[in-house]
Amino acid sequence: MPLDNRAFGLTGGSGVTIIRAYRTELAACDWQLRMFREHVGLARFAYNWGLRRKIDVLSFNRLPISPIKIPSAIDLHRELNALKQTHFRWMYDMSKCAPQEALRNLDAAFKNFFKGRARFPRFKSRKGGAGSFRLTGAIHVRPGKIKLPRLGWVRLKENGYLALSQYERKLKHLQRTVSRRRRGSSNRRKARAALARLHLRITNVRNDALHQATSRLARTKSVVVVEDLGVRGLMSNHRLAKSIADAGWSEFVRQLGYKTAWYGSRLVVADRFYPSTRTCSLCGHIRESMPLSERRFCCDRCGRVMDRDLNAAVNLSRWPGVARTLETPVEGGVQPAATSAQPSCEAGTISLDRGPNRWMS
Ligand SMILES: [Zn+2]
C-alpha cells in the first residue's frame, strides 16, 4: 500500500526560518504495512466516534447547531483516552497521534461547515479513497529513511521509478480487468482496489518528476523566466511534458515560485504578448510571423540562424527585471549557474493541456 507521508523540517538561513513540507512514498515492509492499515482504521474509527459524539451532544441537548456547544478535539481526545482503558484496549498497540490528529481533522471539518465552506461532516467509510492518518512528534529523517512513532525506520521509495509508459500499459490492463468483473462481486472490488493503488502510484511518480524539474531549475539558475503563451500549438515532445501536463501548469509555476524563493533565485513571468519567438536576438528585427513548423529562427535582416527556442530564450533573458537580476545575483542565494547575459544553457518548450507555455533559464 503506497502511502503518502509528510515530514516537516526546519532550515535556518540568514536568520530566517523556513518550514518545508516533503512528500514522499514509503517502502514499508510487511508488518509496517499492516501497521499502516491499522492506523488508517484507527484514525477513521476516532473520526467517526468523535462525529457521533458531537451529533449526540447536539441532539440529546436539543441544541441548535453552534460551534461553542459541541465538544472540541481536546475534550474528545480526553474522553477517548479514558475509554481506551476500559473499552478500547486495542488502541494501546498504536500511536496516540493517529486518533488525536483525526479528531483535529474533525474539528477542522466542523469549522469549515460553520464558515459555510463545506457541508456538514460525514462519516468516513472504509470504501472509497486510500485512507490516511497523520503522525506527529518524534519523527527523524535520515538519507533514504524516516523514523516514525511506533513504526520504527521506514525506507523511502525515492528514486528509480521513472518509466511511465510501463505504468500506462498496466493501467489499461487493470481497467479492462475491472470492467470484466461482475458488478458487486468481490473480485471486482479487488480489481478496483488494485486500480486505485496504481493510480496513486502514477500520481506519485508524476509529482516526483515535477518536483525534480522545478527543484533543478530553481537550484541551478539565478533567474527562471516563464512565458505564458496562452495558445495551443508549439508542440515539442519534451520528456517532462506529460508529467507537467498532468500536475498542471499552474502547479509547475507555483512550485517554481516558492522554490526560487528558497534558493535565492528569481521567477519572472513574461508577458504573453512579448514577441519572443519572432524577434531576432542579434539585431532586434521582428519578423511578421514565425510558423510553428519552423524550428530554426532565420533573420530576414541580419541573416542570423538560430534554434527557435534558444532565440526566444535569449530574448526572454532581456525581459525587464531579468537583466537586472542577471547582473546582480540575489544575496544569500546559491551561486548562480548562469550569470551572463547569454543564457545559452537550456531552453525548451513544454506543451500542456491548457496550452503551451515556455520556460527558459
Ligand atoms: Zn537579425
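## Threonine 279

Threonine 279 lies in the loop between strand S7 (266-270) and strand S8 (296-298). Strands (E, at least two residues) and helices (H or I, at least four) are DSSP runs, numbered from the N terminus. The model is predicted: local features need pLDDT of at least 70 and side-chain atom pairs pLDDT 80 or more, while totals for chains, interfaces and linings use all residues. Residues are numbered from 1 along each chain as its sequence is written, and side-chain values use heavy atoms, with hydrogens and water left out.

With a relative accessible area of 11%, threonine 279 is buried (under 20% relative accessible area; exposed is over 50%, partly exposed in between; 1.4 Å probe, protein chains only). Leaving aside residues up to four places away in sequence, threonine 279 touches Gly284, His285, Ile286, Phe297, Asn311 and Asn315; contact means heavy atoms within 4.5 Å. Methionine 290 is eleven residues from threonine 279 in sequence, and their C-alpha atoms are 9.4 Å apart.

## The protein as a whole

The protein has nine helices and eleven strands. Of its 361 residues, 42% count as buried. Among contacts with a separation of 6 or more, 65% are between residues 24 or more positions apart.

The accessible surface comes to about 20,900 Å², and 51% of that belongs to carbon and sulfur atoms. Accessible areas come from the Shrake-Rupley method with a 1.4 Å probe.

## Helix H1 against H2

The axes of helix H1 (residues 30-60) and helix H2 (residues 73-86) come within 11 Å and cross at roughly 115°. Axes are lines fitted to C-alpha atoms, for helices over the stretch in contact, with angles from 0 to 180 degrees between N-to-C directions. H1 and H2 are therefore roughly perpendicular (65 to 115 degrees; under 35 is roughly parallel, over 145 roughly antiparallel, the rest oblique).

Phe45, Ala46, Trp49, Gly50, Arg53 and Lys54 of H1 meet Leu76, Glu79, Leu80 and Leu83 of H2. By class, this contact has six nonpolar, one polar and three charged residues. Ala, Val, Leu, Ile, Met, Phe, Trp, Tyr, Cys and Pro count as nonpolar, Asp, Glu, Lys and Arg as charged, and the others, Gly among them, as polar.

## Helix H1 against H3

H1 and helix H3 (residues 97-114) have axes that come within 8 Å and cross at roughly 45°. That angle makes H1 oblique to H3. On the H1 side, the residues in contact include His39, Leu42 and Tyr47; on the H3 side, they include Pro99, Asp107 and Phe110. Twelve nonpolar, three polar and two charged residues make up the contact of H1 with H3.
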